[in-house]
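Open the model in your viewer and keep the selection tool ready.

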Amino acid sequence: MLNMNGISKVYQTEMVQTHALQDFNLQVNEGEFIAVTGPSGSGKTTFLNIAGVLEPFTQGEYLLDGVDIGKLNDNQRADIRNQKIGYIFQGFNLIPDLNLYENVEVPLRYRGIKAPERKRRIEESLEQVGLASRAKHLPQQLSGGQQQRVAIARALAGKPRFLLADEPTGNLDSLMARQVMELLEQINRDGATIVMVTHDSELARRAPRNIQVVDGQIADFSLYQGNPAAVV
Ligand code: ADP
Ligand code: ADP
């Protein structure tokens, strides 16, 4: 379970202070699939980076499976990331001169997973995204949708409990976007909790829960169910 209470994030540059998140409150339960939408600059990426323990926050409390993230040092933060979290980015972030197999392998090596286990996980995750037959291909030999599927395989190989996706379909046409969405739905059915930031309102509506970020705060309409008077 992911629990943010009163999270604020201030970016301080020479001239300006930006409140990217302000008193941000959210609870994500085990097994949920949440789509996050909101205007550009509203704080969606900042939220996702904090949720993924990639970025520190300025104020508030963030509990991930009961662990108080604000109290951890850098090594402990890295451990939590490796144990629990997978990321998918809009730009895929594949390494161009490594083949698909090697791309999926990178984070597993980094985490000290032994060769036979690495091989098993890489083959299994490439199989799951339907690209096992292309293990020796370079990213540039694939379509955008296929490259995103490799990025998903790379995240899956880490066996993450939480899969965080920032505009995973942002560079894809609508057919490929739907295929990637179907894959995420399958991964969610297999047990991973998914938080996906997207501009695509059609894809967002497919997710069981939608939240909106506006001006660094959450507008979680599900909170208001049964109490329409609360919606102004
Ligand atoms: P979104 O993902 O909704 O477009 P972001 O989380 O990227 O929003 O950004 C929220 C606000 O924080 C924006 O005003 C943005 O300009 C600012 N911001 C984001 N990252 C940085 C940074 N590294 N330094 C300074 N300001 C930043
Ligand atoms: P998808 O199946 O993800 O929708 P496309 O329809 O774009 O992919 O691509 C059809 C086929 O062409 C795929 O099998 C893909 O591997 C191949 N392909 C796409 N782009 C390239 C490329 N730049 N170089 C080599 N093969 C490619």
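Helices (H or I, at least four residues) and strands (E, at least two) are DSSP runs, numbered from the N terminus. This is a predicted model, where local features need pLDDT of at least 70, side-chain atom pairs count only at pLDDT 80 or more, and totals for chains, interfaces and linings use all residues. Residues are numbered from 1 along each chain as its sequence is written, and side-chain values use heavy atoms, without hydrogens and water.

**Stop one: ligand 1.** Select ligand 1, then the residues around it, meaning those with a heavy atom within 4 Å. Among them are Tyr11, Thr18, Pro39 and Lys44. Helix 1 gives the most to this shell, with three residues. Now zoom in on the oxygen atoms of ligand 1. A side-chain N or O atom of Thr46 lies 2.6 Å from one. For Lys44, a polar side-chain atom is 2.8 Å from an oxygen of the ligand. Gly43 uses a backbone N or O atom, at 3.0 Å.

**Stop two: the largest pocket.** A pocket is an open set of points on a 1 Å grid over the protein atoms alone, where a 1.4 Å probe fits, with protein on both sides within 12 Å along at least five of seven lines; lining residues have an atom within 4 Å of a point. Select Asn82, Ile85, Tyr87, Pro107 and Arg111, which lie nearest the centre of the largest pocket. The lining has 17 residues. Which element gives the most to it? Strand 6 does, with four residues.

**Stop three: the second largest pocket.** Select Arg121, Glu124, Ser125 and Gln128, which are among its lining residues. Helix 4 gives the most here, with four residues.

Methods. Chains lettered and ligands numbered in written order. Polar contact = N/O pair within 3.5 Å; in protein donor to acceptor, adjacent residues only side chain to side chain.
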